[in-house]
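Here is a short briefing on one chain.

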Amino acid sequence: MDSFEPNKMESPMTFADYRQQHPQQPLSEQLRGYAETDWNRAVNHAFTDALGDDRLADEVYARYLVQDYAFIDTLVNLVARTLANAPAMPPKSVLAGFLAALTSDENTYFLRSFEALGLSEADYLNPALHPVSRAIIDTMKASEVSYERAIICLCVAEWSYLSWSQQQAKKPRGSRFYLQEWIDIHVLPEFEQFVAWLRGQVDSFTDRNDATLEELARLFRQMCVLEHQFFSASLDPAAVTEQEVPRVCKRICE
């Protein structure tokens, strides 16, 4: 299995050591606990707080949305490859449903929001990518090679969005549909069920060997770092430098 560059993400404790200290937890909870600092930064971010308070500037949200839309093709390809690599028909069916949602309802949301924000196709098609955005795309592409790695990527992305959206959904509803609906679609019962399914898939990897689990733990943490860096870069593109962004190793990217 190809490795991921830690980029200051090293923990003084191995994942195997962490598991020994928390033997009763399912694997998904162990992974989240092992990456707790970066997980918390991703789900309790100033960007999501401002979004939920309906005080996020349109300029900032437009910047975020354009960069996020750049992931759609890569995410669709990741889900499609994961579907192909799925070990049985039941997971293939679940992933097929998620793929359908990505290419229909969610894509429609983006297009409606771009129009409301006054963005043209020239603004949101083939934009210049921030280093964090490039790293997310590289990480997703590199994760297509195995079912386990792809599920870890999807689990961090969707579980973290469910977590912060659940917090923001408790607040009074805002007036701008593109902010409110972005929260709403990430707290739908169907989405919550999909995240629970992803966590169940992760939990099923518990019998993998130690080397594989260490690699998956590094990937889980890397995805958490990228999630909170993406929010920070959306607020201020200069807040995250290229040197601070974790990347997959060069032999994967090239």
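**Cavity**

Leu51, Gly52, Asp54, Gly174, Arg176, Leu179, Gln180 and Ile183 line the largest cavity. The model is predicted, so local features need pLDDT of at least 70 and side-chain atom pairs count only at pLDDT 80 or more, while totals for chains, interfaces and linings use all residues. Residues are numbered from 1 along each chain as its sequence is written, and side-chain values use heavy atoms, with hydrogens and water left out.

- A cavity is a set of points, on a 1 Å grid over the protein atoms alone, where a 1.4 Å probe fits but cannot get out; lining residues have an atom within 4 Å of a point.
- The structure holds 1 cavity of 30 Å³ or more.
- The volume of the largest cavity is about 30 Å³. Volume here is the space filled by probe spheres set on the points, with grid points joined across faces, edges and corners.
- Helix 11 gives the largest share of the lining, 3 residues. Helix 4 and helix 11 each supply at least two. Helices are DSSP runs (H or I, at least four residues), numbered from the N terminus.
- By class, the lining has 3 nonpolar, 3 polar and 2 charged residues. Nonpolar covers Ala, Val, Leu, Ile, Met, Phe, Trp, Tyr, Cys and Pro; charged covers Asp, Glu, Lys and Arg; the others, Gly among them, are polar.

**Salt bridges**

- The structure holds 13 salt bridges. The criterion is a side-chain nitrogen of Lys or Arg within 4 Å of a carboxyl oxygen of Asp or Glu.
- Asp53 forms a salt bridge with Lys171, with the closest N and O atoms 2.8 Å apart. Asp53 sits in the loop between helix 4 (46–52) and helix 5 (58–69), and Lys171 in the loop between helix 10 and helix 11 (177–184), so the pair ties together parts 118 residues apart in sequence.
- Asp53 is partly exposed, at 37% relative accessible area. Lys171 is partly exposed too, at 25%. The cut-offs are under 20% for buried, over 50% for exposed and in between for partly exposed (1.4 Å probe, protein chains only).
- Asp58 and Arg176 meet in a salt bridge of 2.7 Å, N to O. This pair links distant parts of the chain: Asp58 is in helix 5, Arg176 is in the loop between helix 10 and helix 11, and they are 118 residues apart.
- Asp58 is partly exposed at 33% relative accessibility, whereas Arg176 is buried at 18%. Arg176 is also one of the residues lining the largest cavity.
- Arg208 forms a salt bridge with Glu148, the closest N and O atoms being 3.0 Å apart. Arg208 lies in the loop between helix 12 and helix 13, and Glu148 in helix 10, 60 residues apart.
- Arg208 is partly exposed at 26% relative accessible area; Glu148 is buried at 18%.
- A network of salt bridges links Glu29, Arg32 and Arg199.

**Helix 2**

- Helix 2 (residues 27–34) is mostly covered, with 6 of its 8 residues buried.
- The buried residues are Leu27, Ser28, Gln30, Leu31, Gly33 and Tyr34.
- They pack against helix 1 (15–21), helix 3 (36–43), helix 10 (147–168), helix 12 (189–203) and helix 13 (210–235). Contact means heavy atoms within 4.5 Å.

**Cysteines**

- The disulfide count is 0, where a disulfide is a pair of cysteine sulfur atoms within 2.5 Å.
- Cys155 is in no disulfide; the nearest cysteine sulfur, in Cys224, is 9.4 Å away.
- Cys155 is buried, at 1% relative accessible area. Cys224 is buried, also at 1%.

Methods:
1 Å grid on protein atoms, 1.4 Å probe; cavity = no way out; pocket = protein on both sides within 12 Å on 5 of 7 lines; lining within 4 Å.
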